[in-house]
Amino acid sequence: MADRSGYGKAGKKGPSGRSYRNATGLTRQPKKMRGRKVSSQRWLTRQLNDPFVAEAKSRGLRSRAALKLEQMDDRFQLFKPGMAIVDLGCAPGGWLQVSSLRTNLGKGKARLVGIDLLETDGIVGADIFTGDITDPEMLEKVRTAIGGAADGVLSDMAADTTGHRSTDHLRTTALLEAALDFALNVLNQNGFFLAKCFRGGAEKLLLDIMHRNFKTVRHVKPAASRSESVESYVLAIGFHGIGRAEDISADVVAGGTVIV
Ligand SMILES: C[S@@+](CC[C@H](N)C(=O)[O-])C[C@H]1O[C@@H](n2cnc3c(N)ncnc32)[C@H](O)[C@@H]1O
């Protein structure tokens, strides 16, 4: 008999691999999908099918993003036991977990400080602040907590996306600029800076500043960063501090735009 369901013989399968068809032969969506907008159904399907989401969950990592940091560290060996690390935009704490493990936090002189607009669950041995990194008072607190200098500054910060590509690019670039400004003022010689960067043009002046202050600067796209996303990371290694704060203030920054 011909199949009139419209799904073909095998029937339409849900993300779990089970058919949407129930025992009566009628079809219905999985419970999790019901009542959601199409865009949020698409997001949920992607989450349920994503091997990195599954891996992060099974390993008790707080975010899928934690795998991105692991992959970048496996490739470039950024962390060493005993390092002092600052994580800007740290919630829910996946990067803090990776940093804590790879610097042996709690076993030697390692230090770890995080800050986010959102509250972040604690990590043993880390100092975590809730606040805005564009607030100079908050940054001073972070700087004091790390003891004045850091071996690495991380930023996975992203502004809430609007869906308008160039607006999102500019807003995330403004956060990159604030993170770089902080890094230039706090990094030890040979320190590193790793930050999220939506490529799109406006970041060019910031890359120039990085080239002047670090031995090498490169873009990195870890496997766990979705290929369809404009997200990538900029990794600057070997801080030599030529110019430091004076550099960025000479180029200076007004309202989120670097003016040369
Ligand atoms: C992609 S999430 C970070 C995920 C984190 N790396 C992890 O593995 O758990 C980006 C974070 O940046 C934070 N953020 C955005 N703007 C910020 C700001 N101005 N100050 C502090 N945090 C900010 C957001 O609240 C968000 O939690």
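Is C197 buried or exposed, and what is its relative accessible area?

Guide: C197 is buried, with a relative accessible area of 2%. Here, buried means under 20% relative accessible area, exposed means over 50%, and partly exposed covers what lies in between (1.4 Å probe, protein chains only). The model is predicted, so local features need pLDDT of at least 70 and side-chain atom pairs count only at pLDDT 80 or more, whereas totals for chains, interfaces and linings use all residues. Residues are numbered from 1 along each chain as its sequence is written, and side-chain values use heavy atoms, with hydrogens and water left out.

Another cysteine, C90, also counts as buried, at 3% relative accessibility. A disulfide is a covalent bond between the sulfur atoms of two cysteines. With a disulfide taken as a pair of cysteine sulfur atoms within 2.5 Å, a search of the whole structure finds zero.

Let us turn to a neighbouring topic, the contacts of a histidine. H169 belongs to helix α6 (residues 165–186); helices (H or I, at least four residues) and strands (E, at least two) are DSSP runs, numbered from the N terminus. H169 counts as buried at 8% relative accessibility. Leaving aside residues up to four places away in sequence, H169 touches F198, R199, G200, G201, A202 and E203, where contact means heavy atoms within 4.5 Å.

An α-helix has 3.6 residues a turn, so residues three or four places apart point the same way. After α5 comes G147, with a positive phi near 90 degrees.

Aromatic rings come next. The search of the whole structure finds three aromatic pairs. Rings of Phe, Tyr and Trp (its six-membered ring) pair if their centres lie within 6.5 Å; planes under 30 degrees apart count as stacked, over 60 as edge-to-face and the rest as tilted. One of these is the edge-to-face pair of F79 and F192, at 5.9 Å centre to centre with 85 degrees between the planes. F79 lies in the loop between α3 (65–76) and β1 (84–88), and F192 in strand β5 (residues 187–198), 113 residues apart. Both F79 and F192 are buried. W95 and Y233 form a tilted pair, 5.7 Å centre to centre and 40 degrees between the planes. W95 is in helix α4 (residues 94–102) and Y233 in strand β7 (residues 231–239), so this pair ties together parts 138 residues apart in sequence. W95 and Y233 are likewise buried.

Finally, consider the backbone. Most residues other than glycine have a negative phi, and most peptide bonds are trans. The peptide bond from A91 to P92 is cis, with omega near 5 degrees, and P92 lies in the loop between β1 and α4. Q77, in the loop between α3 and β1, has a positive phi near 45 degrees and counts as exposed at 55% relative accessibility.
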